[in-house]
Amino acid sequence: MKALHWLGAVRTMARPRGRARVMTNAAAALTLLAGLFSLSLTSAATVPSATAADIKPGEWVSLASGPVPASNPLQGFVPYAGQYNSLPYSMEWFYLPVNAVATGPGTYDWSALESQLNAIAARGHQAVFRFYLDYPGKPTGVPAYLLDAGLATHAYTDYGNQGISVSPDYNDPRLAQAVDSFIAAFGSRYDGDRRIGFIQAGLLGFWGEWHTYPHDGWASPENWSASATGQQLVLQAYTAAFTKTKVQVRYPSTVNSSMNVGYHDDSFAAETLPGTGWSFVDKLQQAGATGKWLTQPVGGELRPELQQCLFDANPCSWAAPEQRDFTGSVAATHASWLLNQYAFSPAYVGTAQATAAAASQSLGYRFQATGFSLAPGTVAGQSTLSVTIRNTGAAPFYYDWPVQVAAVGGDGKIARTWTTSWRLTAIKPGMAPTLATPLSTGGLPAGPYTLVLRPVNPLANGVPLRFANAGQDQTLPGWLTLGRTSV
């Protein structure tokens, strides 16, 4: 972390660590199986209604837009792990020391991690977290067996540590081997875990933030940082171990720009926009990684000193304009989520609360269904459903969660579900592809049906991925209503 020189004389708070995203809701209709479905027809060629409507086979139906979802999975402001009521959220954040898991050479007890993941999942949320070896002000996270074997460490008083934690020799082959084995075991057990949203690489440097400032060879002669080779080996281990769950690293660089890792800007807004030479966007540009967000997620933390005042009517007047430009920082980074503990405790009040809620909604993706059609298929007993989905958000959705279509009977229950082959990750901001899928109704009992659509959160009780459409949640919670037909 850079020194807080940007605060000038007005604010001199030390940075506390460990702190603590449009489819018009479908009111219109999908006709299942044009040959088999007997339709109750409306006279209009296009039905932009917000209530489930009957549609002619093959006609294009415009879907009405609706409010931005208050919260969507894997985006928005994120608190430290816990229960909060001030602002909707879909993820929770925590740190964990490596020695809470690594009990000996190649031996691991995952109960501490399981406890955190289970508690967060029980609240219907996914987790984002990082392991650390050195956290200023907390007992060391270095496994005891390495310390007992004589691993060299550095005592320090920076960041209020006062000798509590120690900075290990990251270039010691024994620690490098232990870290490599730990990452391999970590990935083998947790890659693709439905309880996890994102993992930060962590492990190296103060707070696992990949720096040892001021002991970095620049601010002082000593350099306690992991070597460039050591950093690359850690990233290689992570990308080998995690091929499903997205991993983020603190700083963009030429070493990681071509690797399958995203980034986390932990001084968001304050040190994000370009111009200083060392800001987050400066580093993206220097690494040739300004387009990395198209495939890899960006997250981070809203700078703590800004959290309490950034959404006031006169936001953080003591900071320079570029250091409190939240909207510009989101546009420049395409961030999906940000740790912002203040939003949850003590929480904003009045107009600041509404402004912060809108800021949280501006992060990440935002899907809107603009229209659909249901046309007779080329196979008997089959129709083709086509839906245009637009991403009006700041970022893509980074996981290909299954997208389902369902027929809801007159009793309000789902009679049949079809799983499409649609890939949400392909719907980048500014894009509005039309996706098609076959629907077969063979054996479906005669009667009226309402067709609905949803991406499936793999966490059974997780926050539903909602569309910015008037028909969202109209027929069933978590489902977008498309339209009404009869078999």
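Good morning. I begin with Arg 123, which forms a salt bridge with Glu 92; the closest N and O atoms are 2.7 Å apart. Arg 123 sits in the loop between helix H1 and strand S6, while Glu 92 belongs to strand S3, so this pair ties together parts that are 31 residues apart in sequence. Please keep in mind that we are looking at a predicted model.

How exposed are the two partners? Arg 123 has 28% relative accessibility and counts as partly exposed, whereas Glu 92, at 0%, counts as buried.

A search of the whole structure finds 11 salt bridges, and I will present two others. The side chains of Arg 195 and Glu 114 meet at 2.9 Å, N to O. Arg 195 lies in the loop between helix H3 and strand S9, and Glu 114 in helix H1, so the pair ties together parts 81 residues apart in sequence. Both Arg 195 and Glu 114 are buried.

Next, Glu 209 forms a salt bridge with Arg 250, with the closest N and O atoms 4.0 Å apart. Glu 209 is in the loop between S9 and helix H4, and Arg 250 is in the loop between strand S10 and S11, 41 residues away. Glu 209 and Arg 250 are both buried.

Let me turn to the strands. S11 and S12 pair in the parallel sense over 4 bridges, and His 264 stands opposite Gly 299 in S12. In S12, 5 of the 5 residues are buried. Thank you.

Key. Residues numbered from 1 in each chain as written. Predicted model: local features only at pLDDT ≥ 70, side-chain atom pairs only at ≥ 80, totals over all residues. Heavy atoms only, no water. Buried < 20%, exposed > 50% of the residue type's maximum accessible area, 1.4 Å probe, protein only. Helix = DSSP H or I, 4+ residues; strand = E, 2+ residues; numbered from the N terminus. Pairing = 2+ DSSP bridges.
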